[in-house]
Amino acid sequence: MNEHVVTSPCIGTKDTACAKVCPVNCFYDAGELLVIHPGECIFCGLCVPECPVAAIFPLEDVPEAETAFIQRNRDFCESRSAEELEKLRILP
């Protein structure tokens, strides 16, 4: 599965520069950080250089110490209804 993952450097930052360049608006406000919906991400990579804290990685490049964020991103998106997610979507 091709997806990007938001990791711990985003915690407390939640800078939305990454979301503003996303062509499919797959970023969501997860409280203390942003997450990327794995089912919506088209793996374009535009968000990666825009992240001011270097928190976004392609799935296969997530650092070992950050791998828990893979499931954290997925769980956030999978545990919410479409209506609830829509309220949390970050729009440009």
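A cavity here is a set of points, on a 1 Å grid over the protein atoms alone, where a 1.4 Å probe fits but cannot get out, and its lining residues have an atom within 4 Å of a point. Volume is the space filled by probe spheres set on the points, with grid points joined across faces, edges and corners.

Some ground rules: this is a predicted model, so local features need pLDDT of at least 70 and side-chain atom pairs count only at pLDDT 80 or more, while totals for chains, interfaces and linings use all residues. Residues are numbered from 1 along each chain as its sequence is written, and side-chain values use heavy atoms, with hydrogens and water left out.

**Cavities**

The structure has two cavities of 30 Å³ or more. In the table, Ala, Val, Leu, Ile, Met, Phe, Trp, Tyr, Cys and Pro count as nonpolar, Asp, Glu, Lys and Arg as charged, and the others, Gly among them, as polar.

| Cavity | Volume | Lining residues by class |
|---|---|---|
| Largest cavity | about 80 Å³ | 11 nonpolar, two polar, no charged |
| Second largest cavity | about 60 Å³ | nine nonpolar, one polar, two charged |

As for the second largest cavity, its lining includes C10, C18 and C51, along with K14 and D15.

**Cysteines without disulfides**

How many disulfides does the rule give? The count is zero, taking a disulfide as a pair of cysteine sulfur atoms within 2.5 Å. C47 is in no disulfide either, with the nearest cysteine sulfur, that of C44, 6.1 Å away.

Buried means under 20% relative accessible area, exposed over 50%, and partly exposed in between, using a 1.4 Å probe and protein chains only. C22 counts as buried because its relative accessibility is 10%, and C47 is buried too, at 7%.

**H37**

Where does H37 lie? H37 is in the loop between β3 (34-36) and α2 (47-50); helices (H or I, at least four residues) and strands (E, at least two) are DSSP runs, numbered from the N terminus. With 16% relative accessibility, H37 counts as buried. A polar atom of the H37 side chain sits 2.9 Å from the backbone nitrogen of G39. Beyond its neighbours within four places in sequence, H37 is in contact (heavy atoms within 4.5 Å) with C26, Y28, C77 and L85.

Methods:
A polar contact is a pair of N or O atoms within 3.5 Å; within protein, one must be able to donate a hydrogen and the other to accept it, and residues adjacent in sequence count only if both atoms are side-chain atoms. On a 1 Å grid over the protein atoms alone, a cavity is a set of points where a 1.4 Å probe fits but cannot get out, and a pocket is an open set with protein on both sides within 12 Å along at least five of seven lines; lining residues have an atom within 4 Å of a point.
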